[in-house]
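Reader: I'm new to this one. Could you walk me through it and tell me what the terms rest on?

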Amino acid sequence: MPIIEVRALSYSYPDSTRPSIQDVNLTVDMGEFVLITGPSGCGKTTFCRCLNGLIPNSYGGTFNGNVIVDGLLTTEHQVFEIAQHVGLVFQNPENELFCTTVEREVAFGPENLALPRDEIRSRVEEALSVVGISQLLDKSPEELSGGEQQKVAIAALLAMKPRMLVLDEPTANLDPLSARSVLKILSSLNTESDVTIILVEHRLEMVAHMANRCVIFDDGKLVLSGEPSDVLYSDMVDRIGIGIPKAVQVAKRLALNSKFGKRPLSSLELADIIMLKGDKG
Amino acid sequence: MILFEDVSYSYAPGRYALEHVNLSIGEAELVAILGENGAGKTTLVKHINGLLRPQIGKVTVYGIDTKTSTVAALARKVGLVFQNPDHQLFAETVEKELAFALVNFGMPLLGTSSGVDWAIKEFELNQYRERPPFLLSGGERKRLALASVLCYNPQILILDEPTTGQDSRQKSRLANLLKRLNREGKTVIVVTHDMEFVADFIPRVVMLSKGRVIAEGLAEEILTNRELLMSASLLPPQLAELSWDLTLKKPSIDLEQVISEASSLLGGSPR
Amino acid sequence: MKVLYGFEYRRGTSVIHKIDPRSKLAYVILFTALTVYFVNPLVLLLVLSSSFPIVLISRIANRWIQSIKGSLLFIAFIFIFNFIGIVWATGSIWGAVTSGISMSIRFIALISIFSVFFLTTSPEDLTQSMVQMRIPYDYALTFNMAMRFVPTLSREAQIIMDAQRSRGLEMEKGNLIQRIRNYIPVLIPLIISSFRRAELVADAMESRAFGASKKRSSLYILKMENRDTLFFAISVASFLLLLSLKLVLGIQ
């Protein structure tokens, strides 16, 4: 059942002559984990903003095509309506968190919805618990690490009870360990809480095996879409200039795909194949 | 020649950002300062151009004690490129932006020795010459920030987290530039937590953890040392992890080497 | 930029921190009025000293001093210009000195009163108190945001200064005009960065359904308790006492 339908989407920012995205078509079903990647400036951020209505409602510009999220046509609904179905997480938590305690931060969304106080409290507790940061309730976001801040941002959006989360390079400013911690939460949100995840990410080696679909943008166009193993093992992807996981690079050079039909996405998967095949000689 | 002698620095009483740091970086070195967020990397490099002065110990750059020198005098030899280009760019045009440091140092703006013309050529900024910096794209602004520091030709170049927000092609380009500058004799110091970038491109590593230098030496050795990486709360580079998963006798961060070892484990030769 | 430290809210456990912002706001308004009402330097000193017990009880002395220290330069300016102005107008040196002193104390008193308020009041409590006083949420939120981003701005200003100094900018060099011009490479990135940030924060807020309801609810409501009423009463009483100095004794 599609939860996102994008048809012939093209968009140019107000003072720009070049379109940031051109003729993009994408359908996402409920429960999917879609990984979006591509070189810098390829339109990924713009696309994310189209998914929760910020474009075109807040940004203006020239918008063509249709974006339907959870049944809502984005051009006919306000951002605050769409925000209850799609949660958008940005790159820099410093510009996302603006309250003095984590509790108030996570409560901000439900407060905007004018929910009764008990409901707000229970949503805050639940959101923090799902993300695993209940102990941070009384802390000030300023004293948290980057990784913790992003988790707070995720919790703040989960408190809106959206059916899907769109995350635009959420680990860009994090060190690798924090990045991995945040990405693991996304994976469990997807598998255990049934949240549809659209993730724009460069660190493919950490997420390729979590996603069931990989979409590549290049120069504003959607150029590849398919299972991560199909996409990352294609020839086109080498020419585009994205950070292909080392395990995939090694596997490609060893011709594991053509020799054995194996396309490992992670270091462990690769090691398993080699050890097994190696034993057989 | 940069020398840290038993340097300690604290921002707030009781908590030391740097503790008993001893470090020497020589001419024409290409070195990465590695560590998790908060380990003290930025604090360390701010001592090299005098933005910070050690509370205990001494830092000397080309024989000059940083405590006896101004930031401007040290900056003449030490170029520091900050992580966020938007913290630097302010001029009306790209050309004026590049000229800023030259003006501050009293260096010539025109002529064959002009750093501005060199930078415009080197970084392919000619089409943007008369444009305001803040109208450029994110990646272009990052390049401009680097260009504006390089154009006054400092002997030592320090970059703070230069790879954030860069895709793999941009990172390769950056690495090639840094290697070339290093071959030309510059000392290049990269402050980062990007393990892949270091593993792929930078031969020497200084590893910081909680304000202390816990390791120094060849990237090949340090980045394949599991215990060391764990104690510094650092994620190993992908090839190191792969080496361990394959139980290679000699773990490596060199792609060709890992491929060759993996291939012999498979019992054949690679494509 | 250090002066900004004297106005940033920090969480604290003192009684003053817990007092309802409306009571504290009453104190600020009443005593600000007093600073404008009086010219006598001794009375102004009394007004200034009203903030001392608050500073002591709330244990914010370190930060509060920053606000005073940071504004000393400005106070010197005020004194000098006022001095010149009065001497020019009346030729009286003594008059100029006393006037200058009064002006300076008045300014310090204002800084001090506002400093203790902002140091001990969380932006959200302030916003909530404004909402409960029937000020539209949008206006109250503007206030909240301004307060919340002051620390961010001061941090950024420091980074920008470091970055520009690393390119050879010497802030302290040159005559007065040159020194003011030296701030351009610091102010411009700060302003542009603030605009960018404003857009991003707006995006983040909209993404959490900001604007969804005409009347939003609130997790925490402010209720006046005994200590709040007491603080209010003390403020009003001191206000009236000082006021009587003029009304009854005729002190200006």
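Author: The buried residues of α10(B) are B:Q238, B:L239, B:A240, B:E241, B:L242 and B:S243. Keep in mind that this is a predicted model, where local features need pLDDT of at least 70, side-chain atom pairs count only at pLDDT 80 or more, and totals for chains, interfaces and linings use all residues. Residues are numbered from 1 along each chain as its sequence is written, while chains are lettered from A and ligands numbered from 1 in the order in which they are written.

Reader: What makes α10(B) "mostly covered"?

Author: Six of its eight residues are buried.

Reader: What makes something a helix here?

Author: Helices are DSSP runs of H or I with at least four residues, strands are runs of E with at least two, and both are numbered from the N terminus. By that count chain C has 11 helices and zero strands.

Reader: How many residues do chains A and B bring to their contact?

Author: Chain B brings 31 residues and chain A 32, where being in contact takes C-beta atoms, placed from the backbone, within 7 Å. On the chain B side, α6 (168–183), α10 (238–245) and α11 (255–266) each give two or more residues, and α11(B) has the largest share, seven residues. That side divides into 12 nonpolar, 13 polar and six charged residues. Nonpolar covers Ala, Val, Leu, Ile, Met, Phe, Trp, Tyr, Cys and Pro, charged covers Asp, Glu, Lys and Arg, and the others, Gly among them, are polar.

Reader: And what about chains C and B, how many residues are in contact there?

Author: There, 17 residues of chain C meet 19 residues of chain B. On the chain C side, α8 (137–165) and α10 each supply at least two.

Reader: Why are α4(C) and α6(C) called roughly parallel?

Author: Their axes come within 10 Å and cross at roughly 25°. Axes are lines fitted to C-alpha atoms, for helices over the stretch in contact, and angles run from 0 to 180 degrees between N-to-C directions. Angles under 35 degrees count as roughly parallel, over 145 as roughly antiparallel, 65 to 115 as roughly perpendicular and the rest as oblique, so α4(C) and α6(C) are roughly parallel to each other. C:S51, C:I54, C:V55 and C:S58 in α4(C) meet C:S112, C:I113, C:V116 and C:T120 in α6(C). That contact has four nonpolar, four polar and no charged residues.

Reader: What makes α4(A) oblique to α5(A)?

Author: Helix α4 (residues 102–112) and helix α5 (residues 117–131) of chain A pack at about 125°, with axes 9 Å apart. That angle makes α4(A) oblique to α5(A). Their contact divides into seven nonpolar, no polar and four charged residues.

Reader: How do you know how confident the predictor is in chain C?

Author: From pLDDT, its confidence in each residue from 0 to 100. Chain C averages 87, and 98% of the residues score at least 70. The model scores ipTM 0.90 and pTM 0.89.

How values were computed:
Contact = placed C-beta atoms within 7 Å. Buried ≥ 20, exposed ≤ 12 C-beta atoms within 10 Å, placed from the backbone.
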